[in-house]
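Trainee: I would like to go through this model with you, one topic at a time. Could you take my questions in turn?

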Amino acid sequence: MNIDSYSYTNCGKYEINEDSVLCCGNIFAVADGLGGLEGGENASACAVEYLRSNYSGCSDAEIGALIEGANKAVFRLGGGACTTIAAAFADGETFRFTNVGDSRVYYFRRGKLLMRTKDHSVCQAAVETGTMSEEDIRESDDRSKLLKVLGKSGEIKSGRLLGPESVSDGDAFVICSDGFWEYVYETEMEIDLLKSDSARQWAEYMLRRHLKRSRCEGDNFSVICGIIHSEKAPEEDSVKNEAPAERKSALLPIIAAGAFLIAAVLVFAYLTGRADRHGGNAGTEQTMTADESGGGSEEGTDETEKSTGTEEDTGGTEEENTMESVTVESPVLLLK
């Protein structure tokens with residue numbers, strides 16, 4: 001798979017940014033350090049560096065061991081510093097993700113949120129027991145009370161490894177610290193994804209919302225946006241490119257029928273005009289015959305008798321004139 005990704009981090013209202021971001025091809029992670037001063041900053045940096053240096057694969061066992069190793073690495077720093085982490089791993093057509101603490105991974109398909117990680121927090125536990133709604137987490141005073149973080153002795157046992165059964169072209173993900181999702185809602189993530197042509201554009205839409213609400217007066221905030229393009233995408237594109245040709249071939253019968261209709265109209269107009277000209281000539285000939293007949297009557301009775309004697313000929317002439325003045329009927333057009 002190919003992943004179009006973009007990352008951003010900001011210290012918010014603080015002088016020190018305790019968030020750390022890892023975005024390097026097949027590993028994506030956001031860690032949010034806790035402990036104040038440089039302790040949290042070092043803890044988050046240690047966690048993402050451990051993932052980068054020790055990643056070996058996407059199996060449950062491999063990722064589970066990776067998270068446990070990161071926990072031990074942060075613990076060895078000493079000083080009580082710790083960190084949350086949200087991470088995603090790509091390998092071939094496999095995409096898996098997990099988290100510890102309240103940093104999150106959101107996964108989208110066809111522009112809709114498909115799944116997300118669950119926080120290790122007091123508020124999330126209240127949601128699981130039905131005493132709090134998901135929407136209430138953002139406003140709760142207990143939001144920052146975490147049940148699991150990296151940097152503690154013993155095993156983490158995060159147990160929250162997620163991922164789709166198979167990756168589809170156009171799938172997308174957001175990895176972020178709580179300082180980000182506190183101000184950007186899931187519905188807005190979906191809306192901004194549908195408007196975007198790239199991971200960077202998607203992130204910028206959401207960051208505008210964040211900055212408008214927080215005015216950079218909140219906690220450190222970090223986000224990674226990714227849009228997945230599977231290896232099957234070129235075949236799908238080739239099918240799409242064939243569609244215009246199919247539409248063009250479907251239009252050919254319509255174009256041919258239109259051309260035939262135009263030609264028929266032109267022929268009809270030509271024949272009608274020709275018939276009108278013949279009718280005019282016949283009328284002129286009849287007028288001239290009448291004039292000649294009137295002029296011949298001055299010669300006397302014999303000429304009159306001759307005129308009477310030629311009635312059959314005259315009748316024949318009228319029949320010919322009548323045939324010439326027949327109107328040509330319009331052709332009948334048959335169109336499918």
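Trainee: Which elements do the buried residues of α5 pack against?

Mentor: This is a predicted model, in which local features need pLDDT of at least 70 and side-chain atom pairs count only at pLDDT 80 or more, whereas totals for chains, interfaces and linings use all residues. Residues are numbered from 1 along each chain as its sequence is written, and side-chain values use heavy atoms, with hydrogens and water left out. Helix α5 covers residues 186-195, and its buried residues (under 20% relative accessible area, where exposed is over 50% and partly exposed lies in between, with a 1.4 Å probe and protein chains only) are E188, M189, E190, D192 and L193. Helices (H or I, at least four residues) and strands (E, at least two) are DSSP runs numbered from the N terminus, and those buried residues pack against β6 (104-109), β7 (112-116), β8 (172-176), α4 (178-181), α6 (199-214) and β9 (221-229).

Trainee: Which residues touch the most other members of the largest nonpolar core?

Mentor: A nonpolar core is a set of buried Ala, Val, Leu, Ile, Met, Phe, Trp, Tyr and Cys residues joined through side-chain atoms within 4.5 Å. The largest such core has 24 residues, and those touching the most other members are L51, I85, F89 and L150.

Trainee: Which element gives the most to this core?

Mentor: The elements that give two or more residues are β3, α1 (37-54), α2 (60-75) and β4 (82-91). With six residues, the element that gives the most is α2.

Trainee: Why does the pair of F95 and Y107 tie together parts that are apart in sequence?

Mentor: Rings of Phe, Tyr and Trp (its six-membered ring) pair if their centres lie within 6.5 Å, with planes under 30 degrees apart counted as stacked, over 60 as edge-to-face and the rest as tilted. F95 and Y107 form a tilted pair, at 5.6 Å centre to centre and 40° between the planes. Because F95 lies in strand β5 (residues 94-100) and Y107 in strand β6, the parts that the pair ties together are 12 residues apart in sequence.

Trainee: Which residues do ring pairs link into a cluster?

Mentor: F97 and Y107 also form an aromatic pair, a stacked one at 5.9 Å centre to centre and 15° between the planes. F97 is buried, and so is Y107. The cluster linked by ring pairs consists of F28, F95, F97, Y107 and F173.

Trainee: Over the face of which residue does R104 lie?

Mentor: A charge sits over a ring if NZ of Lys or CZ of Arg is within 6 Å of the ring centre and within 35 degrees of the ring normal. R104 lies at 3.5 Å from the ring centre, over the face of W181.

Conventions
Contact = heavy atoms within 4.5 Å.
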